[in-house]
Each structure stands twice: as structure tokens, then as C-alpha cells.
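Q: Could you take a close look at the disulfides in this one and walk me through them? I'm new to this, so please keep it friendly.

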Amino acid sequence: MCRSITRAFVLWVTAILLLVAAGVTPAIAQTAALAFRLSNTSGRAGLVVNIYQVDSCPAIPTSSDGQTQNVEVTFTDAAGVQTTPQIVSNTINSGAWDSVGAITIPYQFVTLSSPPSASNDAAIGAGTIQAQCVLYDDVTGVSVTSQNYATQVFTVTGSSLRYTVPITPVQSGQTIHIASTDPCPGAGVGGNILNNTAAITFSGTTDPATGAWSADVPAVQTAMDGSTTGLPSGTYVARIWCQSAAGSVIYQYADELLTIGSPIIRYAALGDSYSSGEGTFNYLNTQNSCHRSTEGYPLYVANALGLGDPLFVACSGAITNDFYATNHSPANSNEPAQVSHLSTGTQVVTLTIGGNDADFVGVITACTNYPTHDGWGCSKDASLRRQLASRFAALAGRISGDRIDGMPIHALQDVYQYVHAFAPNAKIYVGGYPHLFGSNVQFFTKNKQAPGGAVCLLPPAESISYADARWLNKQADTLNSIIQNQVNAARANGVQITYVPPALFTDHALCDRSESWINGIFLDNSVLPKPLSESFHPTVTGYQGGYGAAFVAVMNQG
């Protein structure tokens, strides 16, 4: 008996020595199967399942220098299809996991080969998740299983979550509209649109009640210098995930293919804030202050006339010089000259421009009365009147002039002819600026101290006197007259151009007969509150019922 035990021991030691001599690390002694815990035991394909340690792996032997231990996991679906083992965590010397692991239940994943290929969802039904501790020798590259965990059952209840992307090619530089078919059971979504040469990212929030979501993603890429260009044409993959409020991925949606085509854009929307949609508080790009809104008039016009997605480059704060050079505002330095987006293929151009060259923001600020500023009587300020008259003269081409920041003011006729030079086949439509205030004193609040005996109250504590409001409206009329005359001069020189009057805003100003289509004053949250840029801009109704309907009516006349 003793002789047999001794012989067995010698044979075991000899086997170990032979393994070591061959460069193979012997497996640590196996014990009873260990346990781990899953965050979910059922869910659709694409679900990200967190894997938590219950029992640790065996300790790494103290003599095992250069060895590491990983926790590897595989998933086998109801049809017997098994994933490649993936490392979900490492262990420390004691064998404890150093992080929570995770595995994604197989979903439709597209590989951009030629042609593109897609993996399948995991089969519906009961599958299994297997985990094991794997000891790896960093020197020899040999790995051995040090411990198996008890298999856990995971039931696949349905296919990958889906969403819709455009079926027809999206033109480079246009907007890719993506919308959920299946809701996201989380706080938001993130995603990439990518191929082998280009990629863009986006994110969005879900409807808290339904989990539905949508995203409008411009098909443009941003260079290191901040400039933007349209995505190269080709086949792309939309890869989207559903995430928690903390940003962790909950589900992977099924990948979808889409095609980016060469840019063919019929309609270009240029100009300043009255063309960008400033005032709607709903903007496409939050990375600069151009404040382009889907609720402004350009998309209303495009949809009403079937022009397709517009080339939307109007920018809040734009001045005439921004048609010729990179946007003058440091916040918008990634915006090239507006005309650089035009081409011989451009068929329609709309714009408003001139209000910022005249510095209407500064003028209205001077006329606004609030606790730390007496604005009543601004219309009698000789210096303010001279400055405004000088800027008007520059816009009319009678003199050369600069803005207060030194930027040149270009004659409007020159701007229109410059647009025509870049888009020679386009019909150009130029909008005027609406009155900000009503003209009838009965809709103002009586105040004997204010010029004109009444004020237009602008909560929380601002007001414009009746006399100053009428003067401001007269200045808008003067600017509109200059715009119309400059349009006529450009047309006489062969430009296909038409003036669009703001007549539909009549009776819809602040302190007016009907519902105001103009925002009052919005203040920021600073210690000394300042007006937000949305102040004194059209509301959504103003953009669509005032500007949009006016542009459509004029454009339908040819």
C-alpha cells in the first residue's frame, strides 16, 4: 500500500516537472464550481448584462511572478451558437475581481466589409452564460483555466431594438433624421455614424413617458481647426446605444446601414438670427451660438415648397462681413463665409441681414428702462440717432462705415450681388424686419412720467416708453426701405432677387392688438441679470406664421 502511494506521488511530481520543462504552467487545483451574479437573467438581444463577483477566483500563487488572472465569459444561445470568450475583469493576487464585468447579448452588428456583413441576434429562448478564471503566463504566453464558475441561465426574450434611418441617400452636409422604432428603457441614447474613413457622434434624450427618441444629425465632420465639411459619400453604419442617466450602456440597438451621397442642395438659408430661428430655444447645434432651429422659417419654407433639406447656414449675430469672411464672433469661428456654401446647383436662397450692422441690439438696449438704467427718452439721444443714421447710410451704399467693433459694413446691394456671383442660378429672397412694438397707445400701460404717456411693460421689471417704441418702429421702417431699395438696385443689375415684406406680423408685436409673435425680454441667471439673445426675436408662431408664410406666398408668385 505504501509502495503504491509512493509510486503515484513520484509519477505526479514527474508530470509536473515535465510540464514546467515544456514551458507550461500547471493549472491551479480545481475546487467546487464558484458563483457569480447577473444584473439580468432575461432580456432582448443587445442587452448589456453586468456580471458581479460572488466568489473570487483562486489566489494567484505567490511564486507565480509574471502571471495574471482574468475572468472570461462566453454566451451560448438557445441554438447552441457560442460567442468568443471575452475578458470582463482582471483579478488581484487574492483572486478577487478588480471591477464589475459585463457582456453584451449578441445583436445585429454590421461589419463594413465589401459587401457589408451583419451578425445575427442571439436565438430567442434559454441560453447560458459561462464564466471561468484563466491564469495567463506573461512570459510564455500560455494560459490555463484555474477555475470554472457555475453556469447561469439567461433567456433571450426578443430581437435587437430597432430604429429608422433614411432609406434613400442623404446628401453630404444635410441632416440625417433618426427615430426610434423601439423605445429606449433609459434616460438617453448615444451613437456613431461611421465608415472606414469618417465618423461623427451624437446623443439625445428619451421621452420620459414613452422612451421614444429622435435625432437630427448633420452629415458633416469637424476638422482640427474647427471647420466643417460634408461627410464623404459612401456607405455608413449607424451604431446606437441606450444608456442610463449616469451614461452607462443598457442596450445596443441593431446596427443599420445608410448611404451618404454627394451634396445636391437646392435651397440655402443664409443670414442672421431672424433667419436662424433665434428665440425658439430649440437649436440644432449647441456647440456654437448660431442658434439654428428647426422651428425657424427655413425648414417651414423647405417643407411647404418641397425643396428638400435646406443648406442651413444662417447664424445668430451675423453681419454683412460674414458673407465675405469667417464669422466675426469667436464663438462661431468654425463658421466659414456664408457664400462659400453656395454653388451653381443652388436654386433658392433666403436671407435677412443688416440688423446687426445697424446695431439694433445696442439701440434697443439703450431704449430699455430697468432699475439700474433709465432708457426712457432714447429717441431724443442725438448721439444714438447720429450713429444709427451713419450705419444706415453705409448699408445703403452712400458712405463707407464700420461697426462699433471695427468690422466693415457692406452695402446691401454688394452683398446681394456677391451671393448671386456664387449662386448664379438661384432666385434670392430677402426678408425685412418686423415692428417690435404695437403702434396704438391703448395697448400700452399708462404712465405720465414716460415719454408719450405710456409704456410697454416687459416683465420682470423692464419697459419701453410709447414714444421710444414708435421711434424704434420707424427705424425698422427705415431699414426695410433701404433693404427694398437695395434689392431693386440689384435686380436692375440682373440679379434674380425679391423683397419679402414682414407685413404678416401686423397686429402681432409686443403691446399690440393680437397675440405677440415677438418675444419680450428673457434674463440670464447672473448676479446682475442680462438679457438673453432670444429677447426681441420672433416666437415659433412668428417664424412660421409671420416669416414662413410670407416667404412661401412671395415664392409661389415666381
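This is a predicted model: local features need pLDDT of at least 70, side-chain atom pairs count only at pLDDT 80 or more; totals for chains, interfaces and linings use all residues.

A: A quick reminder: a disulfide is a covalent bond between the sulfur atoms of two cysteines. Searching the whole structure turns up five disulfides. If you count the bonded cysteines along the chain, they pair up as 1-2, 3-4, 5-6, 7-8, 9-10.

Let's start with Cys57 and Cys133, whose sulfur atoms sit 2.0 Å apart. This link is left-handed, with -85 degrees about the S-S bond. It connects distant parts of the chain, 76 residues apart: Cys57 is in the loop between strands S3 and S4, while Cys133 belongs to strand S9. Cys57 has a relative accessible area of 3%, so it counts as buried, and Cys133 is buried too, at 0%.

Next up is the disulfide between Cys184 and Cys242, again with 2.0 Å from S to S. This link is right-handed, with 75 degrees about the S-S bond. Cys184 lies in the loop between strands S14 and S15 and Cys242 in strand S20, so the bond ties together parts 58 residues apart in sequence. Both of these cysteines, Cys184 and Cys242, are buried.

Finally, there's the disulfide of Cys456 and Cys511, with the sulfur atoms 2.0 Å apart. Its S-S torsion is about 90 degrees, so this disulfide is right-handed. Cys456 is in strand S30, and Cys511 is in the loop between strand S32 and helix H8, 55 residues apart. Cys456 counts as buried, at 0% relative accessibility.

Definitions and conventions
Residues are numbered from 1 along each chain as its sequence is written. Side-chain values use heavy atoms; hydrogens and water are left out. A disulfide is a pair of cysteine sulfur atoms within 2.5 Å. Helices (H or I, at least four residues) and strands (E, at least two) are DSSP runs, numbered from the N terminus. Buried means under 20% relative accessible area, exposed over 50%, partly exposed in between (1.4 Å probe, protein chains only).
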